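The following paragraphs lead through a structure, from single residues to the relation between its chains.

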Protein chains: 2
Amino acid sequence: MTGISQTQIIQDLIDRLTRLSAAEEWNGPLNPSQFAALSYLSRANRFSRAPSHVADYLATTRGTASQTLKALSRKELIKETRSDTDKRSIRYDITSEGSDILKTASGLSGVIETLDQETSQTLADSLKSLVLAMLQHRGGRSFGVCKTCRHHQKTETGGYCQLLEVPLSGSDAGQICHEHAL
Amino acid sequence: MTGISQTQIIQDLIDRLTRLSAAEEWNGPLNPSQFAALSYLSRANRFSRAPSHVADYLATTRGTASQTLKALSRKELIKETRSDTDKRSIRYDITSEGSDILKTASGLSGVIETLDQETSQTLADSLKSLVLAMLQHRGGRSFGVCKTCRHHQKTETGGYCQLLEVPLSGSDAGQICHEHAL
DNA sequence: ACTAATAGTAGCGAGTCGAAACTATTGCAA
DNA sequence: TTGCAATAGTTTCGACTCGCTACTATTAGT
């Protein structure tokens with residue numbers, strides 16, 4: 001009778017899930033945006049921790065990202081490091097206090113953990129294709145980890161990025177890169 | 001090597017998907033919260049359109065919901081109606097201008113539509129169980145449509161709600177209710 | 001006839017959001 | 001080399017969200 005489409009149901013479920021999760025985050029020390037930025041910084045490699053990269057990842061503007069990073073910096077959860085080679089650019093590294101905050105599991109993660117292996121995998125795959133399609137739709141970057149990138153070359157000591165022309169350690173290769181390409 | 005769990009990957013994908021979708025909404029006339037509230041009002045039945053119900057649905061406080069509704073009201077997208085029976089309560093109805101705004105499809109819905117029938121169904125099921133678990137976790141209401149409620153009784157003319165003790169029309173039964181229970 | 005409890009609101013301070021204007025660099029080309 | 005143009009980041013603006021506390025009506029329960 002009433003024509004609520006499957007598409008709208010899914011859209012609504014994603015929205016509610018995020019809202020429920022965000023409501024929990026507000027009770028913590030950080031707001032959802034700050035938490036997302038901090039989480040990104042903890043997983044991004046050293047070439048991908050500038051304000052512009054955070055802006056790209058969070059799908060916002062450089063101005064907004066700058067403010068969020070300043071807020072995190074005031075709380076001493078991240079620390080800014082100016083680049084030697086390019087005096088314009090800045091890199092934000094997470095502090096030990098910042099890492100501690102990320103350790104506290106959210107209500108959403110607890111709930112996701114209750115899914116069985118197969119459901120979990122299927123869900124991840126569906127979401128991945130949706131995110132990829134959205135990125136394509138608006139011309140955003142994929143932000144994958146180095147080892148799945150076409151510029152990544154495996155070596156004896158770890159890896160090598162053919163785009164940036166730098167050697168990568170084992171942990172580097174497991175981190176998110178701004179330049180990631182499939 | 002690096003231990004990024006499947007749980008974190010899923011959490012991150014949901015967050016990114018929402019952020020990408022929210023970034024598109026900001027380019028429209030409404031911000032994500034206003035859009036979500038408006039969308040809810042368009043789908044809720046007449047017993048579920050009060051500020052407190054919107055707050056419950058959006059997982060926020062009455063204060064915040066009140067402000068969002070006032071903002072929508074200023075834009076003439078919804079209109080407030082005071083109740084006769086209970087002079088404290090208010091019901092917000094969507095205006096025709098409000099309905100028009102909801103018609104514009106978002107980037108996310110376009111992307112969801114590209115999923116095949118089976119993937120779409122599986123995704124909806126997974127998300128539904130996550131939302132339900134989150135609601136249970138924090139003691140929220142389910143907000144389903146009347147016809148799936150245990151208080152709903154099918155009749156000749158449409159339906160009947162045993163909880164509120166009111167007859168329901170066919171379209172009523174397809175709308176979201178605050179008192180929904182499984 | 002008194003309390004509660006409930007529904008909604010106003011105001012506060014911190015912060016997000018896009019947009020636009022702004023500084024300081026770096027790159028490139030004539 | 002000078003002279004832009006592109007890039008990186010920041011600041012400010014106005015509208016708004018967010019939780020919170022304090023507040024006003026109204027209604028319910030004893």
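A residue is taken as buried if 20 or more other C-beta atoms lie within 10 Å of its own, and as exposed if 12 or fewer do. The model discussed here is predicted. Under this criterion B:Phe143 is buried, because it has 21 C-beta neighbours inside 10 Å. This residue sits in the loop between α7 and β3 (152-154) of chain B.

Is A:Glu76 buried or exposed? A:Glu76 has 11 C-beta neighbours inside 10 Å and therefore counts as exposed.

Another buried position in chain B is B:Gln175, which is so classed because 21 C-beta neighbours lie inside 10 Å. B:Gln175 belongs to the segment after β5 (166-168) of chain B. Setting aside residues up to four places away in sequence, B:Gln175 touches B:Arg43, B:Ala44, B:Asn45, B:Val145 and B:Cys146. In the case of B:Cys146, a separation of 29 residues in sequence corresponds to 6.3 Å in space between C-alpha atoms.

Chain A contains seven helices and five strands, arranged from the N terminus as α-α-α-α-β-β-α-α-α-β-β-β. Its C-alpha atoms fill a box of roughly 65 × 40 × 30 Å along the principal axes. Of the 182 residues in chain A, 37% are buried. Among contacts in chain A between residues at least 6 apart in sequence, 51% join residues at least 24 apart.

In soluble globular proteins, nonpolar side chains tend to be buried together. Here the largest nonpolar core comprises 84 residues, and those with the most contacts inside it are A:Leu17, A:Ala37, A:Leu38, B:Leu17, B:Ala37 and B:Leu38. Beyond its neighbours within four places in sequence, A:Leu38 is in contact with A:Leu30, A:Leu72, A:Leu77, A:Ile78, A:Ile94, A:Gly98, A:Ile101 and A:Leu102.

Helix packing can be followed in chain B. The axes of helix α2 (residues 32-43) and helix α4 (residues 62-74) of chain B come within 10 Å and cross at roughly 85°, which means that α2(B) is roughly perpendicular to α4(B). On the side of α2(B) the contact is made by B:Ser33, B:Gln34, B:Ala37 and B:Leu38, and on the side of α4(B) by B:Thr68, B:Leu69, B:Ala71 and B:Leu72. By class, the residues of this contact are five nonpolar, three polar and no charged.

How are the two chains related? Chain B can be laid on chain A with an RMSD of 0.0 Å by a turn of 180° and a shift of 0.0 Å along the axis; that is the relation of a two-fold axis. In chain B, the C-alpha nearest the axis belongs to B:Leu123, at 3.1 Å from it. Both copies use the same surface, as 100% of the contact residues of chain B recur in chain A.

The contact between the chains takes 45 residues from chain B and 45 residues from chain A. On the side of chain B that touches chain A, α1 (6-25), α6 (107-112) and α7 (117-138) each supply at least two residues. That side of chain B divides into 22 nonpolar, 17 polar and six charged residues.

Notes
Residues numbered from 1 in each chain as written. Chains lettered and ligands numbered in written order. Predicted model: local features only at pLDDT ≥ 70, side-chain atom pairs only at ≥ 80, totals over all residues. Least-squares fit on C-alpha atoms with pLDDT ≥ 70 in both. Contact = placed C-beta atoms within 7 Å. Axes fitted to C-alpha atoms, helices over the stretch in contact; angles between N-to-C directions. Helix = DSSP H or I, 4+ residues; strand = E, 2+ residues; numbered from the N terminus. Parallel < 35°, antiparallel > 145°, perpendicular 65-115°, else oblique. Nonpolar A, V, L, I, M, F, W, Y, C, P; charged D, E, K, R; others polar. Core = buried A, V, L, I, M, F, W, Y, C linked by C-beta atoms within 7 Å.
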